[in-house]
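Here is a short report on how the parts of one protein model meet. Please look over the sequence and the structure before reading on.

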Protein chains: 2
Amino acid sequence: MSQNPYAQNLDRNPANHQPLTPLTLLERAAQVFPDHPAVIHGNTRYTYRAFWQRARRLASALARHGIGKGDTVSVMLSNTPAMLEAHFGVPMTKAVLHSINTRLDAAVIAFQLDHAEARVVIVDREFSAVMKEALARAKAQPLVIDYDDPDYPADAPYPKGERIGSQDYEAFVASGDPEFAWAMPDDEWDAISLNYTSGTTGNPKGVVYHHRGAALMAYSNTIHAGLGRHPVYLWTLPMFHCNGWCFPWTLALQAGTHVCLRWVRAKAMYDAIADHGVTHLCGAPVVMATLINAEETERRAFAQTVTFSTAAAPPPESVLAAMAEAGFSVTHLYGLTETYGPAVVNEWKTAWDGLEGAAKATRKARQGVRYAALEGLAVLDPQTMTPVPADGETMGEVMFRGNIVMKGYLKNKAATDEAFAGGWFHSGDLGVMHPDGYIQLKDRSKDIIISGGENISSIEVEDALYKHPAIAACGVVARADEKWGETPVAFVELKPGRQASAEEIIAHCRNHLAAFKCPRHVFFVEIPKTSTGKIQKFRLREMARTL
Amino acid sequence: MSQNPYAQNLDRNPANHQPLTPLTLLERAAQVFPDHPAVIHGNTRYTYRAFWQRARRLASALARHGIGKGDTVSVMLSNTPAMLEAHFGVPMTKAVLHSINTRLDAAVIAFQLDHAEARVVIVDREFSAVMKEALARAKAQPLVIDYDDPDYPADAPYPKGERIGSQDYEAFVASGDPEFAWAMPDDEWDAISLNYTSGTTGNPKGVVYHHRGAALMAYSNTIHAGLGRHPVYLWTLPMFHCNGWCFPWTLALQAGTHVCLRWVRAKAMYDAIADHGVTHLCGAPVVMATLINAEETERRAFAQTVTFSTAAAPPPESVLAAMAEAGFSVTHLYGLTETYGPAVVNEWKTAWDGLEGAAKATRKARQGVRYAALEGLAVLDPQTMTPVPADGETMGEVMFRGNIVMKGYLKNKAATDEAFAGGWFHSGDLGVMHPDGYIQLKDRSKDIIISGGENISSIEVEDALYKHPAIAACGVVARADEKWGETPVAFVELKPGRQASAEEIIAHCRNHLAAFKCPRHVFFVEIPKTSTGKIQKFRLREMARTL
């Protein structure tokens, strides 16, 4: 048998093989469309030429500080130009961007800084108080850079905090070289970013993305969100959340305009849509609620249809109708931090537009099919790793396989191995496969509550509750909420002879948890348990629905 | 110094790393849009479900014949369903698709079959005579399968030839398993196709593409041709030419409809556009000429704007105007067989629409900027491998670098090494870099005329000739000259019913060019073109020697 001729002398070389990375997409946009607006923020405007130069200056300044391959640059930033610049400037040095959820408390931030071995922290002055406390707790001693946003809104609900860093962001950027010889990654498998999940047990896990996945998400988001040439994208989704579903990188592919937004408020959104011609935005259901419940005085007229991509719970028909009425077309996505954000799309068929009532609603309620850049999506029996019947009824675990699945969890081989057991990423979500190949979520095996787009671990809330001296047993579950999607509610069983009020217990939680994680309601009940003493969460969910 | 934590226990595994390949794009289209029309050909219609099943049947039948990794399946097919099926069915077996230019003679075909070590040949009965002769000459003894197109047009200019194979294509496909367990490539670097260039000297070179490049071309073509959901694509570009610029694979990404076309004739094109709602097509300038010179009786009205992507010479302003008038929007691309077809796009800016005359024409004449999936495009001095000044004047060699550059030339290490010398693919095309980063071709290196020590770009002389209202086509080549070394001579084809003298044409050139660049002689001929509409310069050179 002759040797395979296609395997002889046809090897990779720099001419025919380059690492996939979103960095070359920005380079191209800056070269081809240097005068096109890349970033709009308050009164600030950056063209693609300026954006590219600022990212290179940031990279240069970081490199001069010794930042390079394997280093972590942590940022605690709102949806501002600095956050966009970090998405390119940090990986240009071969370092890794670690984005911190801006709602976290000091203890969790300190854990992340230490675990990530942060060498630099860039912090918006909105968050300087909590960061100061986190730095005091952490062992890591990063260079701290204050971002003093010149466009901090005059009507801000929170004033700027004090400066806590040794450097000012603008001065730091200005010190860099706009012609910095930025580096391609050595390998497309190299890490580009780090995002911590709010794990259900123990410490948060650090999800690592690579350049390859970020570039493929850019292509795939462009296809599924329908981004044509020069989209205008409003930043309602936090960029700390799965790197804003990779849209900071995605927009570069079509040379789109980023419209920054510090706080998701109705008037600011409508103003941006009307003034800047926004074509696309993403967000949790709470963002839709804010738009459709806006006061008349907050609204503005606009001519374009705006594509709104949402994830988490499927939007109710009434919300979709109100969104359409307000000028928005809604696309429903699903994914996890481990899948770079959305990796599943409810591909809507025009033929379904004509369906009535329940027939349409059942199709809207499904999470859908795989992203183009995801090679496999399945509902498997986690014991046998075989597909459940595609009958829309048999439950299994939703599993992912492909190039937009994370590298793994940082410094956590056990969790990584467990997540990838059997050659599939185990989402922990339970779902069914419909006969037409669309998946639908049925439950979360790990009791995550999604409130305002943020994951809340019920176990973490329960842990806080258990610190209260009067509490004997408790269970926290999600309750549907029009505004937030879901909110946590607590069921509590007091120790014999002890007393506590709901207000007192919520106040107790606030001492231990970020505010958004605290239960909205506390009910005093006898906690239903199995014969082996396990709390019956499904019973609590039933009670939450009826109470 | 601590170890890089991002390089520990974060390795590739089947859950987070899969080979990039266009095969998964078709799988997805068939799963999500099974009832959408994938292929239209005469009276034949295949949905995506049927297309996917036929490709799997073909793969299954090939596999039963022993076809697998490292094998070559050669096809000599028009733009028919069989050709589309081969683009998926062959790589599903891990074999390589070798597409033969249908206009080649038996000697060249025999060379290719032997060089490629063809194990199977699928041949359309339109080409059975020449293939029979080629097989008689070749040492290779492939399985020969006749494709007997049931939609062979009744008004065919050529009758079907005899059957020469041992199998019939439809029976072969029918013998396969529609549920065949097709194989992903072992590695995205594995070969997917083989296309021979029509080398001007010596034997043709076999350009090898890989799965990675084919998948990235699917994304990049989608971006640059502006393919939205469910495009309708008319097959005017031969699929044997750079795999139809990779559009057989590209269409799967947006679940588009392929409209097949055996011969590029005006009436059939207008009928397809009007009857099937064609949104996109590609082709050489000769296809545009066919459209805009169509008789009234051949034309049909249509409402949509059709995107026409063309390559080779930049279209003259008069052609663009006539195309716009006829309902087409023209995009100008550039590339080579070695770059999977187009890898450069003249990204047109809306601001340029308002330019007048020459200012607009100079921008239209440029080849442009890199495709999103091409990481590098440069004009380099081939001696020093440094960029020429971006002044729009200094000539250098156009070079490519990136993931849509071929693996190399099959069984031709010397040519591969030469093509990739210095880490760039050397195109052999001479061009300039404009200050705004757009490249413009000036000539093939072998088409440069050196007269009295001065370089004369034949393209520049041709541009001047095309400004003459009577000239339909022209080509300028060097002729040996005792005094000057070389002098330019022009071959000119006049428009029907127009007249012009050689003296008049030379005088016209003197109004547009320096005297030394003007043709010394003008010959009136029918310009010889390749099957893809490219002017055959080597033929003109032969004529120049003998005239």
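Is Cys509(B) buried or exposed? Cys509(B) counts as buried, because its relative accessibility is 0%. Keep in mind that this is a predicted model.

**Cysteines**

A disulfide is a covalent bond between the sulfur atoms of two cysteines. Cys246(A) is in no disulfide, and its nearest cysteine sulfur belongs to Cys242(A), 7.7 Å away. Cys509(B) is likewise in no disulfide. There the nearest cysteine sulfur is that of Cys518(B), at 5.3 Å. The cut-off for a disulfide is 2.5 Å between the sulfur atoms. Cys246(A) also counts as buried, because its relative accessibility is 0%.

**Domains of chain A**

No salt bridge is found between domain 1 of chain A and domain 2 of chain A. Polar contact links one residue pair there, both at pLDDT 80 or more.

**The chain interface**

Chain B and chain A meet through 79 residues of chain B and 79 residues of chain A. On the chain B side, Tyr6(B), Leu10(B) and Arg28(B) lose the most area to chain A. Together these three give 13% of what that side buries. The rule finds ten salt bridges between chain B and chain A. Which residue of chain B forms a salt bridge with Arg370(A)? The partner is Glu27(B), with the closest N and O atoms 3.1 Å apart. Polar contacts between chain B and chain A come to 38 residue pairs, both residues at pLDDT 80 or more.

**Buried area**

| Pair | Area buried | Share on carbon and sulfur atoms |
|---|---|---|
| Domain 1 of chain A and domain 2 of chain A | about 1,300 Å² | 58% |
| Chain B and chain A | about 6,000 Å² | 54% |

**In brief**

Between domain 1 of chain A and domain 2 of chain A there are zero salt bridges, while the interface of chain B and chain A has ten.

Conventions
Residues are numbered from 1 along each chain as its sequence is written. Chains are lettered from A and ligands numbered from 1 in the order in which they are written. This is a predicted model: local features need pLDDT of at least 70, side-chain atom pairs count only at pLDDT 80 or more; totals for chains, interfaces and linings use all residues. Side-chain values use heavy atoms; hydrogens and water are left out. Buried area is the accessible area (1.4 Å probe) that two parts lose on being put together, summed over both. A salt bridge is a side-chain nitrogen of Lys or Arg within 4 Å of a carboxyl oxygen of Asp or Glu. A polar contact is a pair of N or O atoms within 3.5 Å; within protein, one must be able to donate a hydrogen and the other to accept it, and residues adjacent in sequence count only if both atoms are side-chain atoms. Buried means under 20% relative accessible area, exposed over 50%, partly exposed in between (1.4 Å probe, protein chains only). Contact means heavy atoms within 4.5 Å.
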